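Biologist: I have the file open and would like to go through it piece by piece. Can we start with the strands?

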Amino acid sequence: MDETAHSEINELRDLIGQTRAHMRRQQLLGVERLHVAWPERQGKSPEPFLPLTHVRQALGECARCKLHTGRKTIVFGVGDPQAWLVFVGEAPGADEDQQGEPFVGKAGQLLTRIIEAMKLTREQVYICNIVKCRPPANRNPEPDEIAACEPFLIAQLQAIQPKLICALGTFAAQTLLRTKEPISKLRGRFHDYHGIPILPTFHPAYLLRNPHEKKTVWEDMKLLQRTYETLIATQRLTHNTRIVATIDLP
Ligand code: SF4
């Protein structure tokens, strides 16, 4: 028997020993029956869409709209490429243009605090914008710029396949939902984005100017967090584990 096989058998023996010890402890605690759950491989089924890295490659050194002339960096997006929750904002500002990362200025720091208050981290979600280049003097993105950039946002969302989207501010909400309704009317409830629930709320930059609205946004975030946690719990129960055996303790 070679060395690898020998060490694998030893590992298996250890595992059996640990399982026996665990079962014995459960028995002493009065447990009569154990359900054995087998973790499924994490991740998603093969997807027909471009992976996120290919979407970035396809964007290239984009000059598809006039915003390319004033930008320093394309701000593509940041976070988990398989995130369940994606935040979509409006456009990069000066800090984002410098650093190449969305939501890193004052509004970004507020968004980070909001995400952390939801017991998540920036690394666990994905953050991007409707347009990926900074508009001059931080003006609003114009319709032709949104139209030029939106296919890449759609490709990003198709690659990530999030379970929830949070639209930050008027432009993100109105662009994604194809509506002219004001954000004050759209926020506070989920809408449908091609089968993905989307929750619009105020943009963090608006909150910095209107701190009295923080409570309103926090209500939205509590709704988002509850929905996120329910999805996680449901997914764990229905997909991530399955009972493979029921063991009657001796
Ligand atoms: S905003 Fe979008 S479409 Fe316009 S140049 Fe930048 S990446 Fe290209």
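Biologist: How many bridges join strand E3 to E5?
Modeller: Four bridges join strand E3, residues 85-89, to E5, and the two run parallel. This is a predicted model, by the way. One place to look is Val86, which stands opposite Ile165 in E5.

Biologist: And E5 and E7, in which sense do they pair?
Modeller: In the parallel sense, over four bridges. E5 covers residues 164-168 and E7 covers residues 196-201. Ala167 has Pro200 in E7 as its bridge partner.

Biologist: What about E6 and E7, parallel or antiparallel?
Modeller: Antiparallel, over three bridges, with E6 at residues 191-193. In that pairing, Asp192 stands opposite Pro197 in E7.

Biologist: How many residues are between E6 and E7?
Modeller: Two, and the strands form a hairpin. His194 is in the turn, with a positive phi of about 50°.

Biologist: What is the order of the strands in the sheet?
Modeller: The order is E2-E4-E3-E5-E7-E6, an open sheet of six strands with mixed pairing. E2 (78-79) and E6 stand at the edges with a single partner strand each, so one side of each has no neighbour in the sheet.

Biologist: Which residues of H4 are buried?
Modeller: Ala107, Gly108, Leu111, Ile114 and Ile115. Seen down the axis of H4, these buried residues fall within an arc of 115°, so they line one face of the helix.

Biologist: Why would residues a few places apart point the same way?
Modeller: An α-helix has 3.6 residues a turn, so residues three or four places apart point the same way.

Biologist: Then what does the face of H4 turned away from the buried side carry?
Modeller: The exposed residues Arg113, Glu116 and Ala117.

Biologist: What comes just after H4?
Modeller: Lys119, with a positive phi of about 65°. Lys119 is a residue other than glycine. Its place is in the loop between H4 and strand E4 (126-129).

Biologist: Is Lys119 buried or exposed?
Modeller: Lys119 counts as exposed, because it has 10 C-beta neighbours inside 10 Å. The cut-off for exposed is 12 or fewer.

Biologist: And what is the phi of Ala137?
Modeller: About 50°, a positive value, although Ala137 is not a glycine. Ala137 lies in the loop between E4 and H5. With 7 other C-beta atoms within 10 Å, Ala137 is exposed.

Biologist: Now the ligand. How many residues surround it?
Modeller: 14 residues, and the closest are Cys62, Cys65, His68, Cys133 and Cys149. By class, the shell has 10 nonpolar, one polar and three charged residues.

Biologist: Which helix gives the largest share of that shell?
Modeller: Helix H5, residues 143-160, with three residues.

Biologist: Last topic, the whole chain. How many helices and strands does the chain have?
Modeller: Nine helices and eight strands. The chain has 250 residues, and 31% of them count as buried.

Biologist: And what share of the contacts with a separation of 6 or more comes from residues 24 or more positions apart?
Modeller: Such residues account for 74% of those contacts in the chain.

How values were computed:
Residues are numbered from 1 along each chain as its sequence is written. This is a predicted model: local features need pLDDT of at least 70, side-chain atom pairs count only at pLDDT 80 or more; totals for chains, interfaces and linings use all residues. A residue is near a molecule or strand if its C-beta atom, placed from the backbone, lies within 6 Å of it. Ala, Val, Leu, Ile, Met, Phe, Trp, Tyr, Cys and Pro count as nonpolar, Asp, Glu, Lys and Arg as charged, and the others, Gly among them, as polar. A residue is buried if 20 or more other C-beta atoms lie within 10 Å of its own, exposed if 12 or fewer, and partly exposed in between; C-beta atoms are placed from the backbone. The arc is that of the directions from the helix axis to the C-beta atoms. Two strands pair if DSSP finds at least two bridges between them. Two residues are in contact if their C-beta atoms, placed from the backbone, lie within 7 Å.
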